[in-house]
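Subject: Handover of a structure model

Dear colleague,

Please find below the structure that I am handing over to you. My findings follow it.

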Amino acid sequence: MKISVSMLALTAALGLAGAARADDKNVKLGVLTDMAGLYADAGGKGSVVAAQMAVEDSGLAAKGWKIDIVSADHQNKPDVGVNISRQWADQDKVDGIFDVLTSSVALAVGGVAKDKNLVYMNSGAAASDLTNSACSPNLVHWTYDTYMLANGTGKAVTKAGGDSWFFVTADYAFGQALERDTTAVVVANGGKVLGDARHPLSSSDFSSYLLQAQASKAKVIGLANAGADTTNSIKQASEFGVTAGGQKLAALLLFASDVHALGLKVAQGLQFTVSFYWDANDGTRAFAKRFSDRMANKQMPTMVQAGVYASVNHYLKTLAAMGGNPHDGAKVVARMKEIPTEDTLFGKGSIEPNGRVVHPAYLYQVKTPAESKGDWDIAKLVATIPADEAFTPLAQSTCAMLKK
Amino acid sequence: MFGISAPALLAQLLVGLINGSFYALLSLGLAVIFGLLNVINFAHGALFMMGAFVAYFLLNLAGVGYWGALVLAPIVVGAFGVLLERTMLRRIANLDHLYGLLLTFGLALIIQGVFQNYFGSSGLPYAIPAELQGARNLGFMFLPNYRAWVVVFSIAVCFATWFAIEKTQLGALLRAATENPALVRAFGVNVPRMITLTYGFGVGLAGLAGVLAAPINQVRPLMGADLIIVVFAVVVIGGMGSILGSILTGFALGVVEGLTKYFYPEASNTVVFVIMALVLMIKPAGLFGRTA
């Protein structure tokens, strides 16, 4: 009895301590991304700009909040990403980590976020493993994942008659996850996979892999890679007469920045799946214009950068609702899941118990040069994938947290 | 190894030869610069990238197409190289190799950083010239006409360079100037100017390779950084400063890499370095190098 009384006192004391800290209005955000590599246009500096815009738009500074943003380059290397996040947690007292594109880095940083009890809002990485086998109470996964990509582009291409596939895959967590999830969709829709060729991340020559794909006689060549790997694959595929030979290219992950870089002449007709396109409505256009004005290369935001904006927005909204920053990652994320998500970029959505943010996704098609009215007028909407179909159904999620 | 058809193998060999063309052109420039100036030019990749960008700007700002760029871009990049040599490299000519390496490495980072800031990382499109579009069916593979052109043109440029340096009066003078500058100067030759122009020429070769690569790869700030490390391995394997060595090794390693991509793609990024380690253990001066 005595023990339980003292336990009670202790709990009360802790509760008081917690309450005393709860009106702490200092927040530190860390944007961890690829600043100079092959994914830097999808995230990079644009992700930092997006985070700054979200902080400014929150209006919290006027209400006495002090919100700092730090950023770092993980160079697409898991070990570098882990070291930076550890340092952010231990020395710099960062509360939340944002963006973290490159799935291999994202999965590794997930471990640190859980150990150090940080908020971890990933809006850049694609591997659906983040909210399945690697899910954690500290993680929220925004924007997209390989399941969404497979069910967007993969499904559309298979249903349009592309029933035999050959994959050209970036040989790391992301490419493997994308190939796995797309294979499932292809098979489920009556197609078959004839083989794959796996290339190291950040390659410059794809002719070897494209020749293998050509020799396979598959109807569809699925590009399970991203960024400059994808643009170079597409460019070289057109050079080797892949499409002229009757095969169809499916770029399973294509960012707006990639399409712009390729030029419409090469990219026209390609379909791609995104959850955000800058020219979708007045809200996204207004955001895109403000964003582009702040970028040295005047680029339009990609869905990764939009995801950083939306996730910072939701994080700050949650903190404001809590009345202060408890500096407790799991606690904030738990509260975050209770609040519906809403912003001008992704519309209304919600966060599932496994950390997956669900919102609609869209299948776009790259315009022909004749259809395009400007430098960034690159795509037209083909289909909308409703939120409940775009992401892994909860019943199928292998996240361990769901089984408790 | 099993179930591999002869056509597939032939195709991979040819693809390897195409990549080898770039290795050969780049390592040739490096070899010329190292052989005659003793500078380990780490800025070579950045200058290769500049060549591609110059081609892009010539097309989009001045309306000069691919063939014009093939002549003009190397000159622009070469002139930039001359500027670098005159203002910076010259000052460290008498110091340890390490200083040249550090200086050019720093320059490469700055040049890449500036381009990245203004043009982003995904790069800009550059189309294959109309005359070289299309592909021909060789029976075992589709060979894009442009790639065939790259191989033929690179071999011609490599041979011409080798001939100029090893077999002509001018080349003899150049080689003499590096052996004993004072003596050559006594013959009334302007040695510093010769060295400047040599650097400009080596760098111009990088610019030329950049123009050749522009229609194949995206024109992007990191296109050189991805290549340069492999090219250095090629130079080391061939023997530092050996002109013929760098050319032959460039083509040979392209082929080896191409085959690796087919048989065991996981090793395709490392195979060149494994060979480098082996060569250094057996022949430290490189396959074609003379032991100092």
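Into which domains is chain A divided? In this predicted model, chain A consists of domain 1, covering 25-144 + 281-359, and domain 2, covering 147-274 + 361-390. Taken over C-alpha atoms, the centres of domain 1 of chain A and domain 2 of chain A are separated by 27 Å. To the contact between them, domain 1 of chain A contributes 23 residues and domain 2 of chain A contributes 24 residues.

On the side of domain 1 of chain A that touches domain 2 of chain A, two or more residues come from each of helix H4 (103-115) and helix H12 (303-322) of chain A. H4(A) gives the most to this side, namely three residues. By class, this side of domain 1 of chain A holds 12 nonpolar, nine polar and two charged residues.

I turn next to the contact between the chains. Here, 38 residues of chain A are in contact with 36 residues of chain B. Five elements of chain A each supply at least two residues of the side that touches chain B: strand E7 (192-199), helix H7 (207-216), helix H8 (228-239), helix H9 (256-262) and helix H10 (264-267). The largest share of that side, six residues, is provided by H8(A). In terms of residue class, the side of chain A that touches chain B comprises 17 polar, 13 nonpolar and eight charged residues.

Yours sincerely

Technical notes
Residues numbered from 1 in each chain as written. Chains lettered and ligands numbered in written order. Predicted model: local features only at pLDDT ≥ 70, side-chain atom pairs only at ≥ 80, totals over all residues. Contact = placed C-beta atoms within 7 Å. Helix = DSSP H or I, 4+ residues; strand = E, 2+ residues; numbered from the N terminus. Nonpolar A, V, L, I, M, F, W, Y, C, P; charged D, E, K, R; others polar. Domains from an automatic or database assignment.
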